[in-house]
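User: Please take me through how the pieces of this structure are arranged, one step at a time.

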Amino acid sequence: MIKNIIFDFGGVLVDWNPHYLYDNYFKDKEKSDWFIKNICNSEWNAEMDCGKPFSVAVAERIAQFPDYEEAIRLYQTDWMKMMGEEIPEMYDLIKSLKNNGFPVIYGLTNWSVETFIPVREKYHIFELINHIVMSGEEKVLKPNPLLYKALLDRYNLVPEECLFIDDNQANVNGAINVGMKSIRFENVKKLKEDLKQLL
């Protein structure tokens, strides 16, 4: 029986995409694509999600790619421009869950502590999340089992009583590997259908 529901954040509760910043900066989709894949890429972003300070990561990247210093610095100074809107209908869905048997909602996210502070202030959906375990604080990333276990241990949760929702299949698999049930988020309509079958 599911007693606890846990949400990932990026791509599930809120929209985050570096193209929102760099398409506008480069004014050229191909240049933006290349920069995001090769300079400020997901592997590099994961270093900050795992706790490396932005100032250190940015300085290291500039030393490696000095011709892109201005664009790299924007990753820190203009980070919020990479944020889109809340994922439509997710606020109402979580509110409904809280009112119908799941008053305590958990968050488990790969996110930098530095950048989550302004994000949490901007988006009302995070007011619905009661407890959050964040990779930037724990210094470990999903799908490493240690991050899931940090949540389970901190709040005395039984894995088999937990449902984890994430848009990344590797992270879904990570939750399953520690004994949780898990759903890959595709869209709100599909999530609602999946929840009806499990809850």
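User: Is the crossing of α1 and α5 left-handed or right-handed?
Analyst: This is a predicted model, in which local features need pLDDT of at least 70 and side-chain atom pairs count only at pLDDT 80 or more, while totals for chains, interfaces and linings use all residues. Residues are numbered from 1 along each chain as its sequence is written, and side-chain values use heavy atoms, with hydrogens and water left out. Helices (H or I, at least four residues) and strands (E, at least two) are DSSP runs numbered from the N terminus. A crossing counts as left-handed if the near helix is turned anticlockwise from the far one by less than a right angle, and as right-handed if clockwise, and the crossing of α1 and α5 is right-handed.

User: How is α1 oriented relative to α5?
Analyst: Axes are lines fitted to C-alpha atoms, for helices over the stretch in contact, and angles run from 0 to 180 degrees between N-to-C directions. The axes of α1 and α5 (residues 69-77) come within 11 Å and cross at roughly 150°. Angles under 35 degrees count as roughly parallel, over 145 as roughly antiparallel, 65 to 115 as roughly perpendicular and the rest as oblique. The crossing angle therefore makes α1, relative to α5, roughly antiparallel.

User: How many charged residues are in the contact of α1 with α5?
Analyst: Contact means heavy atoms within 4.5 Å, and here Leu21, Tyr22, Tyr25 and Phe26 of α1 meet Glu70, Ala71, Ile72, Leu74 and Tyr75 of α5. Ala, Val, Leu, Ile, Met, Phe, Trp, Tyr, Cys and Pro count as nonpolar, Asp, Glu, Lys and Arg as charged, and the others, Gly among them, as polar. The contact has eight nonpolar residues and no polar ones, and its number of charged residues is one.

User: How is α1 oriented relative to α2?
Analyst: Helix α1 (residues 19-26) packs against helix α2 (residues 29-38) with the axes 8 Å apart and at an angle of about 130°. That angle is why α1, relative to α2, is oblique.

User: Which helix gives the most to the lining of the largest pocket?
Analyst: On a 1 Å grid over the protein atoms alone, a pocket is an open set of points where a 1.4 Å probe fits, with protein on both sides within 12 Å along at least five of seven lines, and lining residues have an atom within 4 Å of a point. The lining has 29 residues, with Gly10, Trp16, Asn45, Asp49 and Asn110 nearest the centre of the pocket. Both α3 (42-49) and α10 (169-177) supply at least two lining residues each, but the most, four residues, comes from α3.

User: Which residue does a cis peptide bond join to Lys142?
Analyst: The bond has an omega of about 10°.

User: What is phi of Glu89?
Analyst: Glu89 sits in the loop between β3 (83-86) and α6 (90-99). Its phi is positive although the residue is other than glycine, with a value near 75°.
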